[in-house]
Amino acid sequence: MDQLEELLTLSGAGERTAFAEAVREVLDRDPRLWLVGTLRSDFLTGFLEGALAPLVRDPMVIGALPREALHEVVARPGAAAGVEFEAGLVPRIVDDCGGGDALPLLAYTLQELYRRAGGPGSVIGHALYREVGGVAGALVGQADRIRAELLGPGGPHGDDPVVGTLLRLVTVRGGEAVRRRVARAELTPAEGEIADAFVAGRLLTSDAGILDLAHEALLRRWPPLRAAVEAHVERLRQRGAWERWAQEWEFAGRGGAFLLTGDRLADARSWLAGQAGAPSGLEVSALVVEYVDRSARADGAARAGTADAVAARVLESREPETAIGIARAAVTEWAPTPGALQALRTALDGSLLRAVHGDFGAAVTGAAWSPDGTRLAACSGDGRLRVWEAGTGAGTGAGTGAGTGAEAATGALAEEPSAVLDVPGRWPRAVVWSPDGALLVCATRDARLTSWETASWRRSATVRHGDGGDGGDGGDGGGHGALAFSPDGRRLVSAAGDGVLRLWDPAALSPAGTLEAPPGMVWSAAWSPDGSRLAAAGEDGVVRVWPSAGPGGPVPAGPAHRNRVTALCWSPDGALLASGSTDRTVVLRDAATGAAVRTFESMDGINCLAFSPDGTRLAAGDQHRNVRVWDLLPGEDPQDAALWLTGHRGALYALSWAPDGRRLATASQDRTLAVWDTGAPPSVLRGHTESVWRTAWSPDGSRLASASEDGTVRVWRAPEFGPPEVLFPGQCGDLAWSPDGTRLAVGRRDGTAALWPRDGGPAALELDGHGDEVSAVCWSPDGTRLATAARDGLVRVWDAAGGAPLRVLRGHRDWVTGADWSPDGTRLATCGTDRTVILWDPDTGERVGTLEGHADQVWKVAWSPDGRRLATGSRDRTLRLWDPAGSSAGHVVLTGHEDRVQEIAWSPDGTRLASVSRDRTVRLWDPASATAPAVVVGLHADWVNGLCWSPDGTRIATASRDRTVRLWTPADPDPAPLLRLSAARVLHPPTPEERRAHRLPPPP
């Protein structure tokens, strides 16, 4: 078996293994059988490293024939073939060969001499030998002649089509140019003509539609082809490598296990894209194109599956800041599927984080907003103090859509700091602005104080806490503990481990007096808002208050903590003094008497405290990683109303409220500075005490109503969604705004309905007629009529102006669960537990159509905004889309919910259909694609009962048995805005533990 090297150059690993198994089987079956194979010696190593190695017995290296043996190589085959050589021709041929390595050329020369001489009985003479060009020129001359005939006079213009065609039959492996078999069907007609000419000239072979080089010497000896190979050797090598991958895949039955993935697929796609416009002869085979395409599609599906699996876990996360990082990684590392984008959008909606800076070299130990709220300063253990400019739009309402300007701006900071200042001393620990914003002062662990003029960032002074003019030795005072400006900016207090409160003139940091405290570290000091008192506390757990002027020592302010006090702050009105301790408590004290007014428990020791500028909230940062913001308004339980800010991975060292009372900056041991928008409109509306059944958005989008089993209807004002107006209509199964937004219709469980005026109109108009609970209410598009559907099996149509009954529609055999008026007002659709949908003419009361197909009770029905489709949701867990003018047989079934569908609603533009279910999910469907899976928008903690779209289509409100109303933002299909928005809101890349918890694999 000759040329065994082609098992390495033209075959894949699978083919080689199959060949080896076949040979082994036949050799084992017949011990008399031997296989003698020949191959070029430079391929022997490849043979001995793969599946073919066990076949090799006693390999023998045969060197080039010695010159004297070439005489026999020429003469004896000639004699056997019946031809003679003129005298002296054989030695001449041997001389022209030069050595045994010319055998391929000699073979072609003898073949050509034999053919031209006429075969057996002929004599090959010197003249014929000269005519074919001798050993060196026979093959080259033949190729030149064929090329010249094909190109005609003048030669090629541009790319040489002859060389390009032959280049298709060349590949490179191991740096060596070798033959490449090509199916004739892959050639163009023009290339086919060229190939036929070379086949006729015996330089190519054609067998069963496969073209091949007859002599590999052609690609080494013919200058045009050799030059083309040398010019494109890397392209040929890469093409050959990808072809071997594709051949292996085809040989293995095109199995998925042989498809490309990861970096190799990326390389293949990049390479394939680079082949567009490749020179002639370097075309990529159809098999490779199909292989890469199939790999890309399979990889895309696998990536999408991973991204969607992660998205499902993200929606269950209780830490939105962690969820943002996980969801963003799912989108960027795996696939921007609709589900992954929606998970990222939902995580962003649930987070109050607005800006993150993590470019610190050590823990961020201090943070402070400038008095005008336009700058934020932060110091770090890396020895630097950084100042950022605040983004424009701070304090405006948060946007409702992905990446809106307001949403992005509230709490945003410039990407780069406007000032980076080197701080003298070791480990900066605290930073404060003067009340007029003209000075910025930083204190370090070794008790140095440094001030800067903020207009120019010129350093104005540096002193040590011990340089207080009291005879101290100028040491570090046992380490720095506290730093605070008086409200009038005329004094600065510092405290350290020497138990002395030192007062400074801020202008030059010159000593201005001292206040003696008990020995030990003073960890915190704070001036009262009027500047008349100074509170301080430290290791002994006692809070003490000094008068800032006149005689008098410190007075304990109420009971001591059980451990050190690490934080103090006064309420803006000076009535309360808050203290936080490592004993895991925060105590609010009456500033006048010191009596404890309220105590908050924490799971970890407290490091920092800050009252909001209006005094209604108190923020605390603990020694673990959490920030809690308590609401201090009367009537609120602070613990229940506490706002948790999570995401940091280390202790909180500083908190600072911006003057607007919304932005809260947090500095952490985890080397990050974060800004939170604590005034952002909530995404979860609380207040109902029982299951919430329905929601309805007013036509102008300014109000959102929710009805609950607790007997109330709450009306929330958008977009702030602050404390709602509470109505007491009794238990309501449904509610709907009139088209003009002036009245709210409710259907009660006692069988009555009512129309409530919402703009100072007369008393509610009562509608009494049903014998059982009213399940659905809906207005005619012109607002003149109201339809009610009830458990008594009846549908009633009422005059909305005076409440007079107009029609009673009978046809359902059981409970009527849903009703909806067509957009043009000419038809009324109802559904029920009898599994049917009935279409009515509301003017005559006649039944004009029936739709059947659900396998269980039909709960809700909704017309598309254009009136051309009807959607239904059922206890059979499906949604169905119907042509109201057609038959039941042509409907589309949408599956995916795992429990009964409770409510459905079309988006205002009709491009999306939302549904909620007892499976706790909110889902979005594409009505135009019956096969596309729904996107899960979010999860409630319990059944989801109702939903509605905002009139502008940007939000969905849902009602749940978990007693909440939730607001969701459908994600934009374009990932770019979400990725830009989320880039500034990732506190930390996901940890390996977080990845495992959310089933997020390592980056591919």
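Pro719 sits in the loop between β39 (713-717) and β40 (725-727). Strands here are DSSP runs of E with at least two residues, and helices are runs of H or I with at least four, both numbered from the N terminus. The peptide bond leading from Ala718 into Pro719 is cis, with omega near 5°.

This is a predicted model, in which local features need pLDDT of at least 70, side-chain atom pairs count only at pLDDT 80 or more, and totals for chains, interfaces and linings use all residues. Residues are numbered from 1 along each chain as its sequence is written, and side-chain values use heavy atoms, with hydrogens and water left out.

**Overall form**

The protein chain holds 20 helices and 63 strands. Its radius of gyration is 43 Å, well over the 30 Å that the globule rule gives for 1004 residues, so the chain is more spread out than a compact globule. That radius is taken over C-alpha atoms, and the globule rule is 2.2 Å times the number of residues to the power 0.38. Along the principal axes, the C-alpha atoms fill a box of roughly 135 × 100 × 60 Å.

Of the 1004 residues, 53% count as buried. Buried means under 20% relative accessible area, exposed means over 50%, and partly exposed lies in between (1.4 Å probe, protein chains only). The chain exposes about 41,600 Å², and carbon and sulfur atoms supply 51% of it. These areas come from the Shrake-Rupley method with a 1.4 Å probe; for residues, only the protein chains shown count as cover.

Contact means heavy atoms within 4.5 Å. Among contacts between residues at least 6 apart in sequence, 53% join residues at least 24 apart.

The chain carries 104 positive and 127 negative charges, and their mean positions are 2 Å apart. Lys and Arg count as positive, Asp and Glu as negative; His and the chain ends are not counted. Each charge is placed at NZ of Lys, CZ of Arg, CG of Asp or CD of Glu.

**Cysteines**

A disulfide is a pair of cysteine sulfur atoms within 2.5 Å. By this rule the count is zero. Two cysteines are listed below.

**Positive phi**

Gln3 is not a glycine, yet its phi is positive, near 55°. Gln3 lies in the segment before α1 (6-9). At 30% relative accessibility, Gln3 is partly exposed.

Arg202 also has a positive phi, about 60°, although it is not a glycine. Arg202 is in the loop between α10 (189-200) and β6 (204-207). Its relative accessible area is 37%, so Arg202 counts as partly exposed.

**Two loop alanines**

Ala680 lies in the loop between β35 (673-677) and β36 (684-685). At 13% relative accessibility, Ala680 is buried. Ala680 and Val178 are 502 residues apart in sequence and 69 Å apart in space, C-alpha to C-alpha.

Ala941 belongs to the loop between β60 (935-939) and β61 (944-949). With a relative accessible area of 60%, Ala941 is exposed. Leaving out residues up to four places away in sequence, Ala941 touches Arg920 and Asp962. Pro992 is 51 residues from Ala941 in sequence and 27 Å from it in space, C-alpha to C-alpha.
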